[in-house]
Amino acid sequence: MCYLYVEVHSVISIPPRLIHRGQASVYDTGCVMATPRADDWSWFPALALGVSFLKCILINAYHSTDFEVHRNWLAITHSLPVSKWYHENTSEWTLDYPPLFAWFEYSLSHVAQHFDKEMLVVQNLLYTSPATILFQRLSVIVTDIVFIYAVKECCRSVREEKGSKDLLGHPFFILAALLLWNFGLLIVDHIHFQYNGFLFGILLLSVARHLQGRHLEGALLFTVLLNLKHIYLYIAPAYGIFLLRSYCFTEDNTDGSVRWSSFSPVRLVALGSIVISVGALSFGPFIAMGQLPQVLSRLFPFKRGLCHAYWAPNVWALYNMVDKALSVLGVRLKLLDVAKLPKASMTGGLVQEFQHSILPSVSPSITLICTLLSIMPAVLSIWCRPRGARGFLRCLVVCALGSFMFGWHVHEKAILMAILPFSILAVESREDAGIFLMLTTTGHYSLFPLLFTAAELPIKVLLMLLFTLYSFTSLKKLFRGSLLNPLETTYLLGLVAVEILCEVVYPLSPWQHTMPFVPLLVTSVYCSLGVCYSFIRLYVSLLRQHGTDKHKQL
Amino acid sequence: MENWSLVSICVLFGLTARWAVSLNSYSGAGKPPMFGDYEAQRHWQEVTYNLPVHEWYFNTTDNNLNYWGLDYPPLTAYHSLLCAHDHGFDFCWVLVADLLIYIPAVVLYSFYLSEGSNKKKVCTVLCILLYPGLILIDYGHFQYNSISLGLALWGVVVLGLGWDVLGSLAFVLSLNYKQMELYHSLPFFCYLLGKCFKQGLAGRGLFLLVKIAVTVLVTFALCWLPFLSDPGQILQVVHRLFPVGRGLFEDKVANTWCSLNVLIKIKTILSTDTQLYISLTTTLLAILPSSIKLLMKPTLWQFKLALVNSSLAFFLFSFQVHEKSILLPALPVCLLLNDLPLPAIWFLQASTFSMLPLFLKDGLLVPYVVTSLAFLFFSIYLLSALEHCSEDKLRLGPYRRLLICMPRMDLGRFYFSITAMAGLSFMSVALAPPAQLPDLFPLLVSVFSYLHFLGLLLYFNIVQIAEPPQSVRKNQKKSN
């Protein structure tokens, strides 16, 4: 402990309140902490402030159309009555998040009017005055406080082993750095523009509450999150089954299976009332106005295609690729007639339905079935052999990744839903750390096409290097040894080649004009290999744990 | 974690901050007819690429010197020529130059020439790389200071490692990149000469002196090769480099003359020649003590302090000083971050603040605020600056009595000064100046910074003269 003090060069002395709370949480969770230590947390504000400064100098960087999307929502919620929120369609970027998010925008708009009133006019499409940019960027940076708080709570719930003396080698320090400085969040929120930090803050806080055994709070936070952005429905199965199995049933049989007699109706009612009351608060007014079908049609626009304009690196990217390869092969071997093939402008840049030429086309219901099948074993495993909050967390990551792999019209940003919660597991076990490195590196690289402007090229490369270098060296130090096998290392080094090929060599070649989609195609196919591999490894680790548990009981 | 990965992370972070600043507005963006330094750099490329060498520094029909004529030494011109060969002209070149010259020098300096644990060294690297003044001028305002400063730093590092010939080579190159490096020249000269004296002018010292002199002359000759054929060429280049006709100072500079001008209108009362002589005499007087001390005792510690004292004296007293020249004293002060954290941070903060009017003109308010806050926070936190402000730690030695008669350096004053800087920054941005005093805020900023510079010049001189006894330095090592 003394050693730590010398190393940290602490400036700010520890507030006594913090020590007390830190210890309390240790006892609450009953985690296997070495000794309850009066940790000096002064490094935490330093990490958080550092990244906040970085966010602030990115204020004038490139921002995508999502910036206009959120400006439009500010204007809609500010200037129109609630009944018109989900009917307004002056801009093509209609409100398509659940009502609580609309209220969030509504509250932001009250601050916004002190910056520039013009941004709150619905007709001012593509309005970007300096004050508007400043306000919208600052709103993301300030609401990230939720994320920062959640990260702190997660760090407190991390298990650690005895023996590490160096602050930089502590799991909680590494976790804080991996989450706060996450490359994906930085570029998606603070360059591309979105409010993911705030939303993931609520998710991580909910996970931390479950790790700390405060399940009702966790459930409440997750319900709120669902009503802010419905994409989190993908991980709802993990929450539902976990709460039902491990919270509503209070005891297990000796072999770990569920003891039906221990069912607690009080707990179920408590959970149910939380879900229903939050739902009523959010959707109630719209149900009362008879607008529920309209709201739902905005939330679930199934008219979009199987893949986004740039294919997210998932199974369907590989599927499309195989289809394309087969059709090209078929034409070459004269087995197919070119005139009969559907004209598919592959990744031409427009969101449109992609028709397969050889393989059967994929419908939304098929993707739904595939997604459900892919998460089924994980969900069943936490029902049959619950392994506490950590088992739930693993299941949550599998759900997020499964839906990313098989979902309909998946956006590449959705990979963050798996990466961020997985960081917690990565600092606790060696095997997870290896999978984490594979998943984050490929997943983060697949976000590169989000920023395509020349001025932002160095910043994305530098930030990616910064994060990747840190994650590799810190996890390697934490687990004292290499975490990847030579094949995996080669694959990851291949990303460097892909980057040079796609962003340096290819634009200089003549094909840039005839086939401009090739770099995106290569990126998404190459990355999907890595993401699929990580998904399989994650599944293997989950099922192996399941197996060892069974084995122990026999 | 291993040192190399920590250092790489710090360097990557420094580079990220630099590039992020460059995403903001730059000097003279959309401000015709003269635009700004960005346009100047572009114009130099045009000139060097399209005209023969002997026309670069002359006013001809193709080369209007009044529109951003070349006024830097030949190496800058060659560099422009090099950049012009690649059409992708932008901030990339600055980043590459930084990565190749300035940053390696910073890392080498921190690891080989500063004291303390490895972690402390890494912290020093990060703090030096985060110094806002250099980042904002190079990446916001757009200049290539990191090249000349980087070369000078290479000179310091190589001299510190004991390779005197290579060190003088690096410094001559930096001098040939920007003539402002003359601010650093006297300490280099005195350090090398002092070393020769120490080795005995009759024997090895003389040999060393000859080696250094030959290196300097040959390097100079090589840099000026295209201009050597015609004495008129040399005179014209020298004339372009030292534009005496431009007056004692321009705009608002935080130096003696501009501050004195508030009370006495020296710029109008005195003739240009008198101004030139007065500034020359005062500058010489101000650098004399530190140079003599260095000559007597050529150690690295003395050398670093002499660099600060000499360049700061030049900035405060010499002729035709630009506000950006504060970067020259700032470089050696960065090297003192590890030894004298609080005064160094104070100086660096004041130097960034002194360029505020320039940043506002360039539309760099947000990066100015953010990088300054980040630098203050990180340097104070990582170097535990606030714990190193007892009189022992400030290295005043036997001269601490002297300080009774001048303002003392303590935390209260530090906080007060930082708050005042914040307040003045806020006023410059938010308030409209009174109609009869349109330059009120820039003037307040420069006078306020001037007071800091003057006080710190005195302080650094005292520290240099009163070299702490060996025991204090040993204690310092232990406590680290």
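**Notebook: salt bridges, interface and a nonpolar patch**

I started with charge pairs and counted 17 salt bridges over all chains of the structure. I note here that the model is predicted.

**Entry 1: pairs in chain A.** I looked up K55(A) and found it in a salt bridge with D144(A). The closest N and O atoms are 2.8 Å apart. K55(A) lies in helix α3 (residues 43-57) of chain A and D144(A) in helix α6 (residues 130-156) of chain A, so this pair ties together parts 89 residues apart in sequence. Both K55(A) and D144(A) are buried.

Next I checked R245(A), which forms a salt bridge with D252(A). Here the closest N and O atoms are 3.1 Å apart. Buried or exposed? I asked this of R245(A). R245(A) counts as buried because its relative accessibility is 0%, under the 20% cut-off. D252(A) has 36% relative accessibility and counts as partly exposed.

I also found a network of salt bridges in chain A. It links E153(A), R156(A), R209(A), R214(A) and E217(A).

**Entry 2: a pair in chain B.** The side chains of K195(B) and D164(B) meet in a salt bridge, at 3.2 Å from N to O. K195(B) sits in helix α9 (residues 182-199) of chain B, and D164(B) in helix α8 (residues 164-177) of chain B. The two are 31 residues apart, and the pair links distant parts of the chain. I noted both K195(B) and D164(B) as buried.

**Entry 3: chain A overall.** I counted 22 helices and zero strands in chain A. Chain A has 554 residues, and 56% of them count as buried.

**Entry 4: where the chains meet.** How many salt bridges are there between chain B and chain A? I found zero. I did find four residue pairs in polar contact across this interface. The elements giving two or more residues to the side of chain B that touches chain A are α1 (3-22) and α19 (365-382) of chain B. The largest share, 13 residues, comes from α1(B). In total, 30 residues of chain B contact 34 residues of chain A. The area buried between the two chains is about 3,000 Å², and carbon and sulfur atoms give 77% of it.

**Entry 5: a nonpolar patch.** I then turned to the surface of chain B. F197(B), L201(B) and L206(B) are among the residues of a nonpolar patch there, with about 850 Å² of accessible area for the whole patch. Helix α10 (residues 204-223) of chain B gives the largest share, six residues. L209(B) is in helix α10 of chain B. At 31% relative accessibility, L209(B) counts as partly exposed.

How values were computed
Residues numbered from 1 in each chain as written. Chains lettered and ligands numbered in written order. Predicted model: local features only at pLDDT ≥ 70, side-chain atom pairs only at ≥ 80, totals over all residues. Heavy atoms only, no water. Patch = residues over 30% accessible without salt bridge, like charges linked within 9 Å, V, L, I, M, F, W, Y side chains within 5 Å. Areas by Shrake-Rupley, 256 points an atom, 1.4 Å probe, with all protein chains shown as cover. Salt bridge = Lys/Arg side-chain N within 4 Å of Asp/Glu carboxyl O. Helix = DSSP H or I, 4+ residues; strand = E, 2+ residues; numbered from the N terminus. Buried < 20%, exposed > 50% of the residue type's maximum accessible area, 1.4 Å probe, protein only. Contact = heavy atoms within 4.5 Å. Buried area = accessible area lost by both parts, 1.4 Å probe. Polar contact = N/O pair within 3.5 Å; in protein donor to acceptor, adjacent residues only side chain to side chain.
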